[in-house]
Amino acid sequence: MCLTQVLCTTCGSNQVRPFGYSTHDVPRYYCCNDKCEIKTFMLEYRYKACEPGVKEKIIDMAINGSGIRDTSKVLGISKTTVIKTLKKKKAVWVKVNPNIQTIDLKSDAIIHVGLVCQEAELDEQWSYVHDKSNQRWLWYAVDHATNTVLAYVFGKRKDEVFKELKTLLKPFGINKFYTDDWGAYERHLDENMHIIGKANTQKIERKNLNFRTWIKRLARKTICFSKLEKMHDIVIGLLINKVEFGVNIHAI
């Protein structure tokens with residue numbers, strides 16, 4: 001008789017005991033390790049989306065240029081599962097770099113500032129949702145010295161969207177802004193703190209190129225686009241949170 005050792009698929013512990021059968025007569029197991037977060041598991045699943053690690057693969061593929069259909073085909077799961085998994089992750093990401101400042105989510109009050117940025121580069125990046133008449137712009141700012149993303153917002157190419165970004169940047173104590181010649185910057189930034197020109201925005205322009213390389217939705221000429229603004233914002237937000245902010249987007 002051949003015996004196979006069963007290890008917990010979550011924590012890897014061998015403190016496992018039988019725990020009955022599923023509705024499809026597949027053996028279930030129970031992890032006796034007190035530190036294990038998920039106690040019950042199976043070694044074989046009828047649906048691949050239930051297998052350990054699949055949800056993480058969905059997120060990783062999304063922020064590495066794969067569309068909903070691409071992910072569905074590669075992982076062998078439904079498009080509905082991919083969409084639901086991405087939508088749940090909106091609760092994880094933030095619009096301001098948490099390594100720089102911490103915000104009280106209940107009152108929206110800034111309770112800690114870890115870095116004061118003296119100079120910042122600002123830019124807006126074009127994209128669209130569903131069709132090119134529905135433009136969706138990514139407005140964001142980076143530290144001129146370190147090229148670290150400070151904050152970002154989504155919206156139209158309108159003054160009110162820029163003012164939302166400006167509000168997020170206020171606690172950093174920025175005394176010099178480098179931008180292009182878009183009118184919103186001139187209208188809402190102090191002329192003594194504002195410098196227009198490409199000479200000082202090379203870092204953020206390169207960041208734009210990096211984002212276009214990561215996300216197909218941001219490419220200038222593409223047939224890959226989001227049908228919903230919510231999905232568009234979630235995928236780009238997850239990329240910024242993981243790559244720029246270092247947030248654990250696989251949480252929850």
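## Sheet

Two strands count as paired if DSSP finds at least two bridges between them. Strands (E, at least two residues) and helices (H or I, at least four) are DSSP runs, numbered from the N terminus. This is a predicted model: local features need pLDDT of at least 70, side-chain atom pairs count only at pLDDT 80 or more, and totals for chains, interfaces and linings use all residues. Residues are numbered from 1 along each chain as its sequence is written, and side-chain values use heavy atoms, without hydrogens and water.

Five strands form an open sheet in the order 10-9-6-11-12, with mixed pairing. Strand 10 (149–155) and strand 12 (194–196) are the edges; each has a single partner strand, so one side of each lacks a neighbour in the sheet. Strand 11 (residues 176–179) and strand 12 run parallel, joined by three bridges. Tyr178 has Ile195 of strand 12 as its bridge partner.

## Helices on the sheet

Helix 4 (residues 159–169) lies across strands 6, 9, 10 and 11, at about 155 degrees to strand 10. Axes are lines fitted to C-alpha atoms, for helices over the stretch in contact (heavy atoms within 4.5 Å); angles run from 0 to 180 degrees between N-to-C directions. Helix 7 (residues 229–244) also packs on the sheet, touching strands 9 and 10. Its direction makes about 180 degrees with that of strand 10.

## Contacts of Tyr140

Which residues does Tyr140 touch, not counting those up to four places away in sequence? Among them are Glu121, Leu122, Tyr152, Leu165, Ile204 and Phe211.
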